[in-house]
Amino acid sequence: MPELKAFTDGACSGNPGPGGWGVLMRATDGETVLKERELSGGDPATTNNRMELMAAIMALETLERAAAITVVTDSAYVKNGVTGWIFGWKRNGWKTASKKPVKNVELWQRLDAAQARHEVTWEWVKGHAGHPDNERADELARAGMKPFKDRK
């Protein structure tokens with residue numbers, strides 16, 4: 001069974017501002033790359049956190065059938081949210097511990113639904129630290145942002 005990984009990243013020019021998300025999907029047999037796919041997109045007016053969430057969502061929604069996948073993100077917001085905070089938010093009716101509405105709630109709900117179909121392992125890597133697959137995801141995110149940034 002191939003090992004499946006998705007390297008995700010978001011980018012924003014200004015926060016808020018034009019933004020993009022990028023995903024490098026890779027299936028390996030442990031050593032050899034069997035298949036790679038690159039995804040990217042953007043939004044004319046968004047935030048970095050929203051683009052980080054969109055990258056993770058698109059990685060999971062792109063899979064046509066249930067799979068075991070490792071999602072690698074450089075966003076502590078996404079990693080901590082999906083592996084910790086989300087359980088309390090759901091229990092509290094999508095409110096924070098201080099009873100305020102969860103920011104980006106529609107994206108968190110979409111991510112929650114997308115990951116429910118799969119067996120997901122979440123990994124965090126330090127961004128902009130020379131990790132080649134994270135750097136590629138960053139390039140894809142910037143490419144997704146480019147058409148919106150150029151309109152300024």
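Modeller: In helix α4, the buried residues are Asp133, Asn134, Ala137, Asp138, Leu140, Ala141, Gly144, Met145 and Phe148. Buried means under 20% relative accessible area, exposed over 50%, and partly exposed in between, with a 1.4 Å probe and protein chains only. Helices (H or I, at least four residues) and strands (E, at least two) are DSSP runs, numbered from the N terminus. This is a predicted model, in which local features need pLDDT of at least 70 and side-chain atom pairs count only at pLDDT 80 or more, while totals for chains, interfaces and linings use all residues. Residues are numbered from 1 along each chain as its sequence is written, and side-chain values use heavy atoms, with hydrogens and water left out.

The buried residues of α4 pack against β1 (3–12), β2 (17–28) and β3 (33–46), where contact means heavy atoms within 4.5 Å. Helix α4 covers residues 132–149, and its 18 residues should span 26 Å at 1.5 Å a residue; the end C-alpha atoms are 25 Å apart, which agrees. The expected span is 1.5 Å times one less than the number of residues.

The strands β1, β2 and β3 also take part in the largest pocket: together with β4 (68–73) and β5 (119–124), each supplies at least two residues of its lining. A pocket is an open set of points on a 1 Å grid over the protein atoms alone, where a 1.4 Å probe fits, with protein on both sides within 12 Å along at least five of seven lines; lining residues have an atom within 4 Å of a point. The largest pocket has a volume of about 620 Å³. Among its 21 lining residues, Leu4, Met25, Ala27, Leu63 and Ala67 are the closest to its centre. The lining divides into ten nonpolar, three polar and eight charged residues.

Aromatic rings are the last topic. Four aromatic pairs are counted, with ring centres within 6.5 Å; planes under 30 degrees apart count as stacked, over 60 as edge-to-face and the rest as tilted. The centres of the Tyr77 and Trp108 rings are 5.3 Å apart and their planes at 65°, so this pair is edge-to-face. Tyr77 belongs to helix α2 (residues 76–91) and Trp108 to helix α3 (residues 105–116), 31 residues apart. Both Tyr77 and Trp108 are buried. The Trp85 and Trp89 rings, with centres 6.0 Å apart and planes at 50°, form a tilted pair. Trp85 is partly exposed at 40% relative accessibility, whereas Trp89 is buried at 10%.

Notes. Points joined across faces, edges and corners; volume = space filled by probe spheres on them. Nonpolar A, V, L, I, M, F, W, Y, C, P; charged D, E, K, R; others polar.
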